[in-house]
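Visitor: I would like a close look at a single part of this model, taken slowly and with the terms spelled out.

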Amino acid sequence: LFTACGGTNAEGGNEKIKITVSVSGTDASEGALMQRWKTAYEAKNENVTIGIKNFTSDYTQTMMSYVQSAKQMPDIMWTTGEKHSPWSDAGAFINLKDMIEADDEIDLSDFYGEIVRATHKNSQDDGIYFMPRDYNKCVLFINKVMFRAAGFTDAEIDGLKDGWNYEKFIETCERLKVAMKANMNPDLGIRENSVPVDARMDFNASYCSFVYHYGGQFVEDGGVNFLSDKNINAYGEIFNLIDNGYIAESAKKSSATFTTLSAAMYIGVRPALPGLPPTEKYDIDFLPLPLDTIGVGCSGYAITNVAKSRGNEQYAYDFLKFIVSEEGQKIGAETGSIIPVRKSMANDSSWTSYKNAGLNHAAFVSAPEKDFNLSIFQDFDADDASLLLDSLSGVMAQVIIGSNYPDGYKMNGYQKLKGAIQPYQNTVATLKAKY
């Protein structure tokens, strides 16, 4: 590690270097995770203090306030693949590419490819504007208690991962639905008002994965057309899952349906795992999301331009280098909330033994060739990208409303659904990508 021994932010030559890191204060796990890294790093670097700042406002508002007041700007800013682009483009975050390429201890080819792409500020760029800390993709959390209550044997449940694909997923949903309709075991969730899957259709990682799996595409030829034939067909396929009783019509905003035995499966990501409350009424395991395309994202940390002007750039980089080192990744993975960003740690016990080493943790790193970067609007201006994300959320809220699919909806060309989506399309019709 680069050992700090003084810097421009110290008043005296023997003063400690202080590096400030800003993380989300609305998620307690973010501060707790950073505290673990801080403690371990400071133990190795006695001349460095890592100060943690919590922001509680909206990310964009927080960044705007930091940009307007350089004194308040941290040296390191928490960010994500979907959030960093406008600030990287504006120069608020520095490009780490040259530092990384000159560093023999960081090999980006060991990082998951779509995660590295998320660090670019647009699709034509190859810069690294933040250090990605994790690999985050949707999987199916399954409740084996509910599966057993629906008549599945343990051998059948364990056998699901063998040859697991979309067809097997549909067969499993159908079997669960039949048992639920028969009210087979209401005390254990196998009742009429339960569903096989809480598909999280309010969660962009989930709905983008389904839309793209069914052939949809939100950005084409530098613009967005929510009403293209391929997108309308994809929405229809999602509604078929609702119509067949496999997923709920209403979007679920948390894992509540899973923990209250209202869904036998739940589309979730690794950070949700530590927060699931212990109960004898569910027995968790995991299966890969059985789609041809799966949206992936990541969180990470950007070094700000103010850190550079303070003379803290190298110290900040050294701390980020520690976070993505094998030691740092183990520290993060042991919390249960992150998957290491390094492919070489795909089987590391620091995360594959969390809760129970016998669980199918491999689901979280399966089939990276199916990954696509969820920063789908990164080529648009910041304000346009924000509007597109809000509009897409509105579109998907309409997609799952059953009344938008009256009798004969396919014969009449999805006219009611198209009418419900048209206001959102009108809002974004003139927006064009910059790159």
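Visitor: In what order do the four strands of the open sheet lie, and what is the pairing?

Guide: This is a predicted model, in which local features need pLDDT of at least 70 and side-chain atom pairs count only at pLDDT 80 or more, while totals for chains, interfaces and linings use all residues. Residues are numbered from 1 along each chain as its sequence is written, and side-chain values use heavy atoms, with hydrogens and water left out.

The four strands form an open sheet in the order β7-β10-β6-β11, and the pairing is mixed. Strands here are DSSP runs of E with at least two residues, and helices are runs of H or I with at least four, numbered from the N terminus. Two strands pair if DSSP finds at least two bridges between them. At the edges are β7 (195–198) and β11 (284–288), each of which pairs on one side only. From one strand to the next the twist averages 25°; axes are lines fitted to C-alpha atoms, for helices over the stretch in contact, and angles run from 0 to 180 degrees between N-to-C directions.

Take β10 (residues 263–268) and its partners. With β7, strand β10 pairs in the parallel sense over three bridges. Along this pairing, V197 stands opposite M265 and D198 stands opposite Y266. With β6 the sense is antiparallel, and four bridges join β6 to β10. There, V139 has G268 of β10 as its bridge partner. In a regular strand the side chains alternate between the two faces of the sheet.

As for exposure, a residue is buried under 20% relative accessible area, exposed over 50% and partly exposed in between, with a 1.4 Å probe and protein chains only. Six of the six residues of β10 are buried, so β10 is largely enclosed by the rest of the structure.

A helix also belongs to this picture. Helix α8 (residues 166–181) lies across β6 (139–143), β7 and β10, and runs at about 130° to β7. Contact means heavy atoms within 4.5 Å.

To restate the sheet from the side of β10: the order β7-β10-β6-β11 puts this strand between β7 and β6, with the parallel pairing on the β7 side and the antiparallel pairing on the β6 side.
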